[in-house]
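Thanks for making the time this morning.

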Amino acid sequence: MKKLYNTLRDYYETVGFDVAPFGEDSIDDGSRTLILEIDEVKQIEAGFDMFEATFIVSFINGNTWAENSEALWQGLCSFIPLDERVDDTALNLPDNSDIMTLLDIPEFTNISAEHDSVTAEETHSVTISIKYHY
C-alpha cells in the first residue's frame with residue numbers, strides 16, 4: 001500500500017500537486033491540493049506481482065474536480081505502456097510504465113463534492129480503481 005501511495009504521490013507532485021507524505025495526510029498547512037487515500041489493495045493472482053487497488057482522490061483548498069480531472073486522468077494513463085494505449089491523447093503522454101504498469105484503463109466512480117457549512121470549503125473527490133504491477 002505504501003509503495004503505491006508513494007508512486008502516485010511522486011508522480012502527482014511532479015505535475016504540481018501538493019500531496020502529504022504517506023501517513024501524514026491529517027496535517028495540512030493550507031498548501032495541500034490533493035488528498036490520496038488508498039482504500040484497498042489486493043493481489044489479483046498468487047505468485048504474480050499483479051494487484052488491484054481502489055483509492056480516493058480528494059481535491060482540497062479551493063481545487064476542484066473540474067479543474068483537475070484531466071491532470072488526474074493523464075497521470076494515471078502515463079503508467080500504461082505506450083504500445084497498449086489506444087487514445088490519441090494518451091499517446092502524447094510520457095511513458096511512466098517503467099515505474100508502475102497499469103494493466104487496464106483506470107475506472108473513475110463516485111465523483112462527488114461535499115460542502116462544509118462551517119468553513120464554507122468544498123471538497124471534490126473521486127474513487128479510482130486500477131489494476132497494476134511493478
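Before I place any residue, a word on naming: helices, of at least four residues, and strands, of at least two, are DSSP runs, and they are numbered from the N terminus. Please also keep in mind throughout that this is a predicted model.

With that naming in hand, let me begin with Ser 58, which lies in strand β2. Is Ser 58 buried or exposed? Its relative accessible area is 6%, and because the cut-off for buried is under 20%, Ser 58 counts as buried. If we set aside the neighbours within four places in sequence, Ser 58 is in contact with Thr 33, Leu 34, Ile 35 and Glu 37, and also with Thr 123, His 124 and Ser 125.

Strand β2, residues 50-59, runs antiparallel to strand β5, residues 122-133, and ten bridges join the two. Within this pairing, Phe 59 has His 124 of β5 as its bridge partner.

Strand β5 also pairs with β4, residues 107-115, again in an antiparallel arrangement, this time through seven bridges. Two of the positions can be picked out on the screen: Ser 112 stands opposite Ser 125 in β5, and Glu 107 stands opposite Ser 129 in β5. The hairpin formed by β4 and β5 has six residues between the strands, and there Ala 120 takes a positive phi near 65 degrees. Then there is β3, residues 101-102, which is antiparallel to β5 and joined to it by two bridges, with Leu 102 standing opposite Tyr 132 in β5.

While we are on backbone angles, two asparagines deserve a look. Asn 61, in the loop between β2 and α2, has a positive phi of about 55 degrees although it is not a glycine, and with 29% relative accessibility it counts as partly exposed. Asn 110, by contrast, sits in strand β4, where its phi is near 50 degrees, which is again a positive value in a residue other than glycine. The relative accessibility of Asn 110 is 57%, and since exposed means over 50%, Asn 110 counts as exposed.

In soluble globular proteins, nonpolar side chains tend to be buried together. Here the largest nonpolar core has 29 residues, and the members that touch the most others are Leu 8, Phe 55 and Val 57. Which elements give two or more residues to this core? They are α1 (2-14), β1 (34-43), β2, α2 (65-77) and β5, and α1 gives the most, with five residues.

Beyond its neighbours within four places in sequence, Phe 55 is in contact with Leu 8, with Leu 36, Glu 37, Ile 38 and Asp 39, with Leu 76, and with Val 126, Thr 127, Ile 128 and Ile 130.

Next, the helices. Two packed helices are described by the angle between their axes and the distance between the axes. For α1 and α2, the axes come within 11 Å and cross at roughly 125 degrees, which makes α1 oblique to α2. The contact is made by Leu 8, Tyr 11 and Tyr 12 on the α1 side and by Ala 71, Leu 72, Gly 75 and Leu 76 on the α2 side. As for handedness, α1 passes α2 in a right-handed crossing.

On α2 itself, Glu 70 counts as exposed, at 54% relative accessibility. The C-alpha atoms of Glu 70 and Arg 32 are separated by 19 Å, the two residues being 38 residues apart along the chain.

I will end with Ser 78, in the loop between α2 and α3 (88-91). Ser 78 is buried, with a relative accessible area of 0%, and, leaving aside neighbours within four places in sequence, its contacts are Tyr 11, Arg 85, Leu 93, Pro 94, Asp 95, Asn 96 and Ser 97.

How values were computed: Residues numbered from 1 in each chain as written. Predicted model: local features only at pLDDT ≥ 70, side-chain atom pairs only at ≥ 80, totals over all residues. Heavy atoms only, no water. Pairing = 2+ DSSP bridges. Buried < 20%, exposed > 50% of the residue type's maximum accessible area, 1.4 Å probe, protein only. Contact = heavy atoms within 4.5 Å. Core = buried A, V, L, I, M, F, W, Y, C linked by side-chain atoms within 4.5 Å. Axes fitted to C-alpha atoms, helices over the stretch in contact; angles between N-to-C directions. Parallel < 35°, antiparallel > 145°, perpendicular 65-115°, else oblique. Left-handed = near helix turned anticlockwise from the far one by under 90°.
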